[in-house]
Amino acid sequence: MQRPTTTAGQEAGIVIATRVGILFFGVLVQSLLAYTLLPEGRGAYAVCTTFAILIGIFFGLSADKGAQYFVVTKQLSLSQGVILTLTTCLLASGLAVAAAVPLLGSGLDFFQKADTGSFYLALVLIPLISWWVALEAQLAGLRRFARLATCSLLRSFLIALGLAGFVWGLGLGVEGALMALAVAYVGMIAACLWHLRRHCGLVAELPSATGFFLIISYGSRYHLAQMGSYITPYSGILLLGAVAGPADIGIFAAASALMFQGNIISGAVGTILYPRVAGNVEKRVELFQLSLRLTCWITGFALLAFLAVSPPLVRLLLSEAFLPVVPLIWLIAPGMLAEAASRIFETYFTGANRPGACSWASWLGLGANVGSFFALYPRLGLAGAALALTIGLVVRSIYLGFMYHRATRTSMRGAWLPRVSDWVYLRTSGRSLLNLMGTDRSMPDSTA
């Protein structure tokens, strides 16, 4: 298997460009959900998917991150990494489903926000999402960003197609939306496995006990961080599920989903950084500083542009029924800027084999979120829930930033103030990417 020969700037350009396509389909999906399900159905869909995603992640012990780290650092082969993580995810999904069934009949208010049949259908998503997360981590670790982007685009396209068919065409409502999601994940998993087998040397192997111990050891240390990272975007939905009606949950879910679509820049940069720095972060501090500055400043300008046109855009994308989303996204926006910085900080600590710092940050942020929610929601309603989300994201980012500066002994000015060299780097990387795409279209995937 050839190693990619592209530069970090070229790879970032490829990933960001393709994630713009993913963003387009993501917004299309949100529009279809809004127009077909309306606020009440959107809320029911949100609680079903939130429950399936979070209970699956809880039992997964972050095996995907453990396998990614040891494959990237060449302590496990790709085949061992994939077999171990898929096996672990399958076993964990079985435990998650077994734990979920009694909860569905518990009578808790959260499970009254959608039909019981919809919750049972959502359980199908548990193994599918866990397998996709595992395969996504391996493709990113191998720097197969072009194929990872293709698979992600395929998922978004299939979700949009499924919503148009199952919900809009057949009128299946929330159940149709869940079926569309399941079909999309099946298609994406099949595409990823095919690529890994054909181009990356994936073969069937019996999982080793040593490898299993390695990935669970790493994953268990990162697990609190991953749980916190997954819970954070859904925290408002979880909390509102106990105190609000489906329509209010649908409004908040649409607002948070739109805003978290804006993570394409920080997500892309973090994806590019990790395989380059894992196990060698001490020598790449300057690269982290550059990534932090570019990510935060570009994200900030993008958020301002989006907020400036948010009222007519929300009316067009989500319909008049979702106009209460507009003030919520203004309140969530500062938290999204903090989230952009957190993504880079987390990449540093996971690459340094110090996932514990990420765990502390995630749960400090989540604690601030929950505490703020119960203080603000009774007085401010959905605006209080949005403010609570932002407070949690900011607290998490502040803690990670403090730990990062203490670990690297870098100055605040050096990390945050933009430099002329940053824009030179952007311009040079953009030209290099255009040359790469325009002069060698026959290039094999390993160099893309």
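A helix here is a DSSP run of H or I that holds at least four residues, and helices are numbered from the N terminus. Leu38 lies in one such run, helix H1. The model is predicted. Its protein chain has 17 helices and zero strands. The radius of gyration is 21 Å, close to the 22 Å that the globule rule gives for 448 residues, so the chain is as compact as a globular protein of that length.

**Overall build**
- The C-alpha trace spans about 50 × 50 × 40 Å along its principal axes.
- Of the 448 residues, 56% count as buried.
- Take the contacts with a separation of 6 or more: residues 24 or more positions apart account for 83% of them.

**Surface and charge**
- The chain exposes about 18,300 Å². Carbon and sulfur atoms supply 68% of that area.
- There are 29 positive and 17 negative charges. Their mean positions are 11 Å apart.

**Nonpolar cores**
- The largest nonpolar core has 97 residues. Phe51, Phe119, Leu163, Leu196, Phe252 and Val325 touch the most other members.
- Helix H1, residues 8-60, gives the most to this core, with 16 residues.
- A second, separate core has 35 residues, including Tyr69, Ile344, Phe349 and Ala357.
- Leu196 has contacts beyond its sequence neighbors. Leaving out residues up to four places away, Leu196 touches Leu78, Val82, Leu135, Leu139, Leu142, Gly201 and Leu202.
- In soluble globular proteins, nonpolar side chains tend to be buried together.

**Gly66, a buried glycine**
- Gly66 lies in helix H2, residues 63-72.
- Why does Gly66 count as buried? Its relative accessibility is 0%, and buried means under 20%.
- Leaving out residues up to four places away in sequence, Gly66 touches Ile215, Tyr218 and Gly219.
- Gly66 and Tyr222 are 156 residues apart in sequence. In space, they are 8.3 Å apart, C-alpha to C-alpha.

- Phi of Leu38 is near 60 degrees, a positive value in a residue other than glycine.
- Leu38 counts as partly exposed because its relative accessibility is 46%. That falls between the 20% and 50% cut-offs.
- Phi of Lys74 is near 65 degrees, also positive in a residue other than glycine.
- Where does Lys74 lie? Lys74 sits in the loop between H2 and helix H3 (78-104).
- Lys74 has 65% relative accessibility, so Lys74 counts as exposed. The cut-off for exposed is over 50%.

How values were computed. Residues are numbered from 1 along each chain as its sequence is written. This is a predicted model: local features need pLDDT of at least 70, side-chain atom pairs count only at pLDDT 80 or more; totals for chains, interfaces and linings use all residues. Side-chain values use heavy atoms; hydrogens and water are left out. Helices (H or I, at least four residues) and strands (E, at least two) are DSSP runs, numbered from the N terminus. Buried means under 20% relative accessible area, exposed over 50%, partly exposed in between (1.4 Å probe, protein chains only). Contact means heavy atoms within 4.5 Å. A nonpolar core is a set of buried Ala, Val, Leu, Ile, Met, Phe, Trp, Tyr and Cys residues joined through side-chain atoms within 4.5 Å. The radius of gyration is taken over C-alpha atoms; the globule rule is 2.2 Å times the number of residues to the power 0.38. Accessible areas come from the Shrake-Rupley method with a 1.4 Å probe; for residues, only the protein chains shown count as cover. Lys and Arg count as positive and Asp and Glu as negative; His and the chain ends are not counted. The place of a charge is taken as NZ of Lys, CZ of Arg, CG of Asp or CD of Glu.
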